[in-house]
Amino acid sequence: MHSINKIGDCFWYMTPIAETDRPILGMVVGQNKTLMIDAGNSEEHAHYFQEELLKMGVPNPDMVVLTHWHWDHIFGLSALRHIVSIASKKTKTAMEKLIPFSWSDEALDARVKEGIEIEFCARAIKEEFKDHRDIQIVLPNVTFDKRVEIDLGGVTCILQHVGGDHAADSVVVYIKEEKILFLADCIYPNLYAEKVHYTVKETLRLLAELEQFDADTYIPSHQQPITKEAFNQEVAMLRTIATYTDSCDGDSQKIMQAYKKHVKRELTEDEIETISDFVNGY
Ligand SMILES: [Zn+2]
């Protein structure tokens, strides 16, 4: 079950669902305009969020921003054709490549076999679209290269292309007055590869860019909002492992020993997985 929560005066979000890979959706409500963050993994997902918010007196959006091209963030866009959709140029280009695809079980399975689609996503698409497979890729209306600032009236959103290993087109949304940084999936590893991985160079570059934003709350799309403290811990973990990956020449055992010595305790499952992702990307 989804639940809807509010942070600050003008930001609402809906919690994710793991089984169907539904990410968090956001809504920033200004005095003049309302901006939705991500279109959702289906029309049902997009509709549900808007309908539930409307019951709470939150207006429907005037605009929607896509954080990156992955299916779970864009398949809902066909339900939002009447409003202005915004994305990075890279996101639009990546979405164009999805237009010819069929989304039937057979077509999905074939693409998984060819290594174009990943098993995890194919399974989630089948789970989300149980009754029909009427999926239409709708392209964004407005595109930008690096950065766009939107004044919604009393609240400003900065959309910035940050890239990263997860998706080269990743955009974050900084809600200035609320000090919220909507990270979407940008700090996750690359899943669309033979092996799930992080690269040292991209990770260090991305973290430095994210640290430029002065935020109190950070929102990773497939988890829960986190505090500045928790974000800083995550950044420190990724940065330290990235640095050790380099100095240990990608040797898993050496990285684990060095990291263990650094934190002065046994490693958590999350840390072991992260080390494995960096070794895969080395
Ligand atoms: Zn993603």
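1. Domain separation. The C-alpha centres of domain 1 and domain 2 lie 28 Å apart. The assignment for the protein chain places domain 1 at 4-224 and domain 2 at 229-281; such bounds come from an automatic or database domain assignment. Between them, 16 residues of domain 1 are in contact with 13 residues of domain 2, where contact means heavy atoms within 4.5 Å.

2. Basis of the note. This is a predicted model, in which local features need pLDDT of at least 70 and side-chain atom pairs count only at pLDDT 80 or more, while totals for chains, interfaces and linings use all residues. Residues are numbered from 1 along each chain as its sequence is written, and side-chain values use heavy atoms, with hydrogens and water left out.

3. Annotated span. The UniProt annotation "domain: Metallo-beta-lactamase", from an unreviewed entry, covers residues 23-222. UniProt positions are given in the numbering used here, feature names are shortened, and annotations may be inferred rather than shown by experiment. The end C-alpha atoms of residues 23-222 lie 5 Å apart. This span is 28% helix and 22% strand; helices (H or I, at least four residues) and strands (E, at least two) are DSSP runs, numbered from the N terminus.

4. Zinc site. His68 (NE2), His70 (ND1), His166 (NE2) and Asp185 (OD) coordinate the zinc ion at 2.2 Å. Donors are N, O and S atoms within 2.8 Å of the metal (3.2 Å for Na, K and Ca); water is not among the atoms, so sites may look incomplete. The arrangement is irregular because the 4 donor atoms around the zinc ion subtend angles of 89 to 176 degrees. Four donors count as tetrahedral if all angles lie between 85 and 135 degrees; four count as square planar and six as octahedral if opposite donors are over 155 degrees apart and all others between 65 and 115; anything else is irregular.

5. Zinc donors along the chain. The spacing of the donors of the zinc ion is H-x1-H-x95-H-x18-D. His68 and His166 link distant parts of the chain, being 98 residues apart. His68 sits in the loop between β5 (63-65) and α2 (71-74), and His166 in the loop between β9 (156-161) and β10 (171-175). Both His68 and His166 are buried; buried means under 20% relative accessible area, exposed over 50%, and partly exposed in between (1.4 Å probe, protein chains only).

6. Leaving aside residues up to four places away in sequence, Ser42 touches Arg22, Phe75, Gly76, Glu128 and Phe129. Asp38 also counts as buried, at 0% relative accessibility.

7. Positive phi. Most residues other than glycine have a negative phi. Asp38 has a positive phi of about 75 degrees although it is not a glycine. Lys264, likewise not a glycine, has a positive phi of about 55 degrees. Lys264 is placed in the loop between α8 (252-263) and α9 (269-281), and at 74% relative accessibility Lys264 counts as exposed.

8. Strand β6. This strand (residues 84-88) is mostly covered, with 4 of its 5 residues buried. β5 and β6 run parallel and are joined by 3 bridges; Val84 in β6 is the bridge partner of Met63. Strand β7 (residues 142-144) also runs parallel to β6, joined by 3 bridges, and Phe144 in β7 is the bridge partner of Ser88. Two strands pair if DSSP finds at least two bridges between them.

9. Six-stranded sheet. An open sheet of 6 strands has the order β8-β9-β10-β11-β12-β13, with mixed pairing. Its edge strands are β8 (147-151) and β13 (226-227), each pairing on one side only. Within this sheet, β9 and β10 run antiparallel with 5 bridges between them, and Val171 in β10 is the bridge partner of His161.

10. Met256. This residue is found in helix α8 and is partly exposed, with a relative accessible area of 22%. Met256 touches Leu267, Ile272 and Ile275, not counting residues up to four places away in sequence. The C-alpha atoms of Met256 and Leu139 are separated by 44 Å, the two residues being 117 residues apart along the chain.
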